[in-house]
Amino acid sequence: MTSVADQISGPPLAAEAGVVAREALLAQPGAPAIARPVAAERELRLDLFRGLALWLIFIDHLPQNLLTWLTIRNYGFSDATEIFIFISGYTASFVYGRAMRDAGFVVATARILRRVWQIYVAHVFLFTIFLAEISYVATSFENPLYTEEMGIMDFLKEPDVTIVQALLLRFRPVNMDVLPLYIVLMLFLPVILWLMRRSADLTLGLSVLLYAATWEFDLYLSAYPNGFWAFNPFAWQLLFVFGAWCAQGGAQRMSRILASPITLWICFAYLLFAFLVTLTWYVPQLSHFMPRRLEQWMYPISKTDLDVLRFAHFLALAAITVRFLPKDWPGLKSPWLRPLILCGQHSLEIFCLGVFLAFAGHFVLAELSGGTGLHFIISISGILIMSAAAWLFSWYKHSADKSGSKAKATSGNADLAGGGA
Amino acid sequence: MKFVSGAILSVSLLAGFLAVVPARAEDPPSPTPTPAACEVPDYLLSGDNVLPKVAEVIKAGAPLNILVVGSRSSTINVGAGANASEAAAYPGQLQAALKAKLPSNEVNVSIEIQPKKTAEEVASGLSKLVESKKPTLVIWQTGTVDAMRSVDPDDFRTAVDEGVVALRDAGTDVILLNPQYSPRTESMISASPYLDNMRVVAQDHEVPLFDRFALMKTWSESGEFDLFTAVHGAELAKRVHNCLGRALSEFIMAAAHPKPAQEN
C-alpha cells in the first residue's frame, strides 16, 4: 500500500498541478485562452463520473440486488447523489458562467431559466408515469399482509389536489426528489454566478453560512400532504455552490492542498473509517466493535440535510479521484468507458430514463415474481438501454449540428456542452 | 484505487456468504397454516439489550402480561371472524408460542391498535395505557404511519424517544418493533430513515429492537415467502404472521435470559 502510493505521488504531482492550472485558465473570467470549440475541450472526467452517478442512481432505485453491492453507498457515507449534484454545479457554473461573461447577466439568466423549464417538464413527465404505475398497483394489488401500507394510495382519492401539489413540487413520490432539488438550485444559479463574478470565495462563504444556519435553525421546505423535502435545498446547495466554485478557479487555488501527501493520507484514513463503519451496518455481528460513544455522536447520518460526514466523504473521494485520474488519462478515450461518458453528456435525459426504467423494473419484478437472476437481468438491461439511448442522443446531436447552420452552432452548443448542466 | 477495488471484492464476497439464496419455487398452497420453516439468522434474534422485568416474572412463575401497541400492520384480516383474525396475527401467534415455551407461567398478550396514528400521537397516550393495563412488557410497533406521511425523521426520533422513556418510567420493559418489509410499495414509501432512527433510540435506551423489516427481507430474499405476490387470499399473511410470532417469542426469551445467566 505504502510503496504504491509513494511511487505514484512523485511525478503526477507536477502533472496534476499542470492539469489544474490549465483547467483554471479555461475557467478564469477574462482568460484569453478560451477555446471556442467547446467539444474539443470537454472535461471528460466530469462526464465519466456523472455517467457513473446516473448508473448508480438507477441501480439504487431498483430493489436491492446483486449489483447494489457495487454502488458506493455500501462502502461509505456518501452516494451517487453527491456526485451528481457536485458535477451539475461544476458544469452549470462553467457553461453559464461563460455565457454571463460573454452575453451578460440577462441573457445568461434567460438561458438558465430555459434550462430550468426543461427540467421542470421532465419532472412532470416522470410524475405522470409514476401516477400510472401506482394507480395500476393500487387497483390490482390486494395482499392482506399490506393493508396498512396500501394506505399510501389514499392520495389517489384526491387527484385534483395531488396533481396541483405535484406541479408545485410539493408532492414528490419516493425516488423523484432529485429533480426538484436540481430545479431549485438552478433557479438560484444566476444569483450565485453574479456573486461569484464579484468574489467566488465570498459566495462559497455565504453558502457555508447558509448550510450552518440550516443545521442551527432547522430550516426546511415542507411537502405535501405532510413532511418535508427529502433533499433539503438549504443544505444541499453547499455541494452545488462548491462545484460552481471549483469551476470558477477554486480547484486551482486548492491544487496545493490537493497535492499534499498529508491530504492524501487524511482522505485515505477517512475513507477507511467510513468503510469500516458501513461494514458494521451490513454485518451486524461486527457492530460490537463500534464504540458506543462514537455511535451516539455520529448517528443518525442525515441524508436530508447532507450530513457533514457525508460531505466530507464526498470530498475525500473527489480529492483522491482528482489525484489519481489525470485529465489526460488515455483510458478516458477507451471504448469501454464510452457508454458512461455518453450517459454523462446527456444527464437530464438519461436521469429521467433511469427513473422510468426503475419504475418499469419494479413493475416487471412484481409481475413475474422474479428471483435473483431476473433482478440481475433487469439491472443490466437497464444500463444497456441507458447507454443505447445516450448513444442515440449524441448521434442525433452530431447530425443536427452538421446540418444546422454553422452560425447557430456556436451559441447552441454551449447548452449542450453543459451535458445537461 | 487498488484499495477500493479490493474492498469492493471483499464486501461482495461477504455479501455473497450472507445472502446464499437458493431461490426456492413457490411453496405449495396448504389449507391450514402449516408452520413454515422460516429460518431466522441468529443475529436478528439476539442483542445486547435485555428485559429484566420479564426475566423476573418468568423466574417467579407469575403471569406474564404483554401489551402490543401498534397500527394496522399488527393485525390481519383473514375473513373468518374477528377472533380468528386476532389469533392469526402475530400477537396471537406470539401468545401461543410463549405459552408453549413457558408452561409454568400464565401468558396474556393483549393488543391496542391505534390505526393511522404517528409515533408522536401514540407516545403521548402510552403512560395512561400502561396504568390501566399494567403489562410487564410493552411491544411498541411503530414507524409505518410516520413513513407513509413522511414525518420529519428528527421529530419521529424525538417521539419514539419520549414514548420509550414514558414506558420505562411507568415501570415496564419495552421492545420496539419496526415496519414491515413491503417490496410492492418500496417505490412509494421510504422506510429507511425511520428504521435508522428506531435503531438509534433502541441503542440510546438499551431497549431491544425486533427487526421485523430485516427479518421479512431475509425471508423474501431466501425465497421463503414471495412478498411481491398480488394474491388475494389470506394464506400468505397468516404464514408470515405465524413466523413473526414465533420469532418474536424466541427474541423475548433470548432477551429475558441473557447468556451469562444461562451458564450459571
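Residues are numbered from 1 along each chain as its sequence is written, chains are lettered from A and ligands numbered from 1 in the order in which they are written. Because the model is predicted, local features need pLDDT of at least 70 and side-chain atom pairs count only at pLDDT 80 or more, while totals for chains, interfaces and linings use all residues.

**Stop 1: chain A as a whole**

Of its 421 residues, 41% count as buried. A residue is buried if 20 or more other C-beta atoms lie within 10 Å of its own, exposed if 12 or fewer, and partly exposed in between, with C-beta atoms placed from the backbone. Among chain A contacts between residues at least 6 apart in sequence, 80% join residues at least 24 apart. Two residues are in contact if their C-beta atoms, placed from the backbone, lie within 7 Å.

**Stop 2: helix 9 of chain A**

Select residues 200–217 of chain A. This is helix 9, with 18 residues and a reach of 25 Å from first C-alpha to last, close to the 26 Å expected at 1.5 Å a residue (the expected span is 1.5 Å times one less than the number of residues). Colour A:A200, A:T203, A:L204, A:S207, A:Y211 and A:T214, which are buried. These residues cover an arc of only 100 degrees around the axis, which puts them on the same side of helix 9 of chain A; the arc is that of the directions from the helix axis to the C-beta atoms. An α-helix has 3.6 residues a turn, so residues three or four places apart point the same way.

The buried residues of helix 9 pack against helix 8 (189–198) and helix 10 (233–253) of chain A. Turn to the face directed away from the buried side: A:L202, A:L209, A:E216 and A:F217 are exposed there. Just after the helix, A:D218 takes a positive phi of about 55 degrees.

**Stop 3: A:L258**

Next select A:L258, in helix 11 (residues 255–259) of chain A. A:L258 is buried, with 20 other C-beta atoms within 10 Å. Leaving out residues up to four places away in sequence, A:L258 touches A:T263, A:A319, A:V322 and A:R323.

**Stop 4: the sheet of chain B**

Now select chain B, which has 13 helices and five strands. Of its 264 residues, 47% count as buried. The five strands form an open sheet in the order 2-1-3-4-5, with parallel pairing; two strands pair if DSSP finds at least two bridges between them. At the edges are strand 2 (107–113) and strand 5 (209–210) of chain B, each pairing on one side only.

Select strand 1 (residues 64–70) of chain B, which pairs with strand 2 in the parallel sense over seven bridges. Six of the seven residues of strand 1 of chain B are buried, so it is largely enclosed by the rest of the structure.

Definitions and conventions
Helix = DSSP H or I, 4+ residues; strand = E, 2+ residues; numbered from the N terminus.
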